[in-house]
Amino acid sequence: MSASLPYATDPVPAAREPQASVWEDLVDIWYAPSSVFRRRENGNYGIALVFVVALVGLLTFVAFRLLATPISLDATRAMERVIKAHPEFSADVVTAIRARASGSGSSPITPIFISVVVLLTPFLAGVVMWLVGKLFGSVQTLKSAFMVGTFAMFPKIIGALGVLLQALLLDTTAMDSMTRVSLGVARFIDPMTASPAVGGLALRADIVNLWSTVLIAIGLKVTGKLSTVQASIAAIIVFLVGYLPLVPSMM
């Protein structure tokens with residue numbers, strides 16, 4: 001009678017991949033984003049979303065308290081364009097508009113608005129990413145798209161920190177626009193002569209947005225199972241979609 005050797009035929013249990021903590025994700029996203037996207041493919045991005053929204057909101061709040069002059073100048077120019085476009089406004093309305101612009105430099109509304117934008121962007125970008133990815137045969141789920149969109153917001157931390165450092169080190173009273181603290185080509189554009197459309201396009205072309213686009217491409221490659229070329233093209237399309245809100249100002 002032959003001896004039974006169950007161990008020879010039984011399947012060997014697969015080794016479990018060690019579970020990384022959320023704090024490891026917050027570190028790895030800077031130098032190993034593929035690993036983060038791979039292990040968080042099924043979601044679990046809530047803490048990361050709270051972290052990026054809270055940190056960007058805090059940095060922006062502090063920076064904007066120091067950048068009252070350029071913020072007020074930008075707001076004044078924007079309000080003057082509104083007044084010029086509506087000659088039917090009464091003198092009282094014009095006075096109220098100008099008073100609101102003059103007090104915008106110390107208003108906490110802008111940092112709050114930016115925090116809300118950071119909170120909503122991962123979901124808006126996720127939907128766009130998911131839809132664009134389908135054009136290239138992506139198998140990415142909507143939940144994975146939201147996860148990638150969340151971690152693609154992390155460069156915003158660098159952007160907010162860069163603005164804060166400039167607000168601390170530079171003479172903000174001599175700045176004529178918030179574009180002077182941009183981390184992109186908008187820094188070199190004259191706010192007095194550039195159209196709102198050109199200024200808006202220039203603000204999009206900065207290190208932060210380009211970095212986020214690279215993360216979206218990596219995320220599409222990992223979670224959507226696309227090739228590098230397909231993921232890159234899809235990410236560029238997602239980046240360009242971000243220009244759509246500026247279209248009315250170009251017309």
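Contact here means heavy atoms within 4.5 Å. With that in hand, welcome to a predicted model, in which local features need pLDDT of at least 70, side-chain atom pairs count only at pLDDT 80 or more, and totals for chains, interfaces and linings use all residues. Residues are numbered from 1 along each chain as its sequence is written, and side-chain values use heavy atoms, with hydrogens and water left out. The chain has 13 helices and zero strands; helices (H or I, at least four residues) and strands (E, at least two) are DSSP runs, numbered from the N terminus.

**Overall picture**

- Of the chain's 251 residues, 40% count as buried, where buried means under 20% relative accessible area, exposed over 50%, and partly exposed in between (1.4 Å probe, protein chains only).
- Among contacts between residues at least 6 apart in sequence, 70% join residues at least 24 apart.

**Glu-41 and its surroundings**

- Glu-41 sits in the loop between helix 3 and helix 4, and it counts as partly exposed because its relative accessibility is 22%.
- Leaving aside residues up to four places away in sequence, Glu-41 touches Ser-144, Met-147, Val-222, Thr-223 and Lys-225.
- The C-alpha atoms of Glu-41 and Thr-141 are separated by 8.7 Å, although these residues are 100 residues apart along the chain.

**Helix 8, an enclosed element**

- Eight of the ten residues of helix 8 are buried, so this helix is largely enclosed by the rest of the structure.
- The buried residues are Ser-144, Ala-145, Phe-146, Met-147, Val-148, Gly-149, Thr-150 and Phe-151.

**Aromatic groups**

- The structure holds six aromatic pairs; rings of Phe, Tyr and Trp (its six-membered ring) pair if their centres lie within 6.5 Å, and planes under 30 degrees apart count as stacked, over 60 as edge-to-face and the rest as tilted.
- One of them is the edge-to-face pair of Phe-37 and Phe-151, at 6.5 Å centre to centre with 75° between the planes.
- This pair links distant parts of the chain, with Phe-37 in helix 3 (residues 33-39) and Phe-151 in helix 8 (residues 142-151), 114 residues apart.
- Phe-151 also forms a stacked pair with Phe-154, at 5.5 Å centre to centre and 25° between the planes.
- Phe-37 and Phe-151 are both buried, and Phe-154 is buried too.
- One aromatic cluster takes in Trp-30, Phe-37, Phe-51, Phe-151, Phe-154 and Trp-211.

**Helix 4 with helix 9**

- The axes of helix 4 (residues 46-66) and helix 9 (residues 155-169) come within 9 Å and cross at roughly 20°; axes are lines fitted to C-alpha atoms, for helices over the stretch in contact, and angles run from 0 to 180 degrees between N-to-C directions.
- That makes helix 4 roughly parallel to helix 9, since angles under 35 degrees count as roughly parallel, over 145 as roughly antiparallel, 65 to 115 as roughly perpendicular and the rest as oblique.
- The residues in this contact divide into 15 nonpolar, one polar and one charged; Ala, Val, Leu, Ile, Met, Phe, Trp, Tyr, Cys and Pro count as nonpolar, Asp, Glu, Lys and Arg as charged, and the others, Gly among them, as polar.

**Helix 11 with helix 12**

- Helix 11 (residues 207-224) and helix 12 (residues 228-241) pack at an angle of about 135°, with their axes 8 Å apart, and are therefore oblique to each other.
- Residues of this contact divide into ten nonpolar, four polar and one charged.
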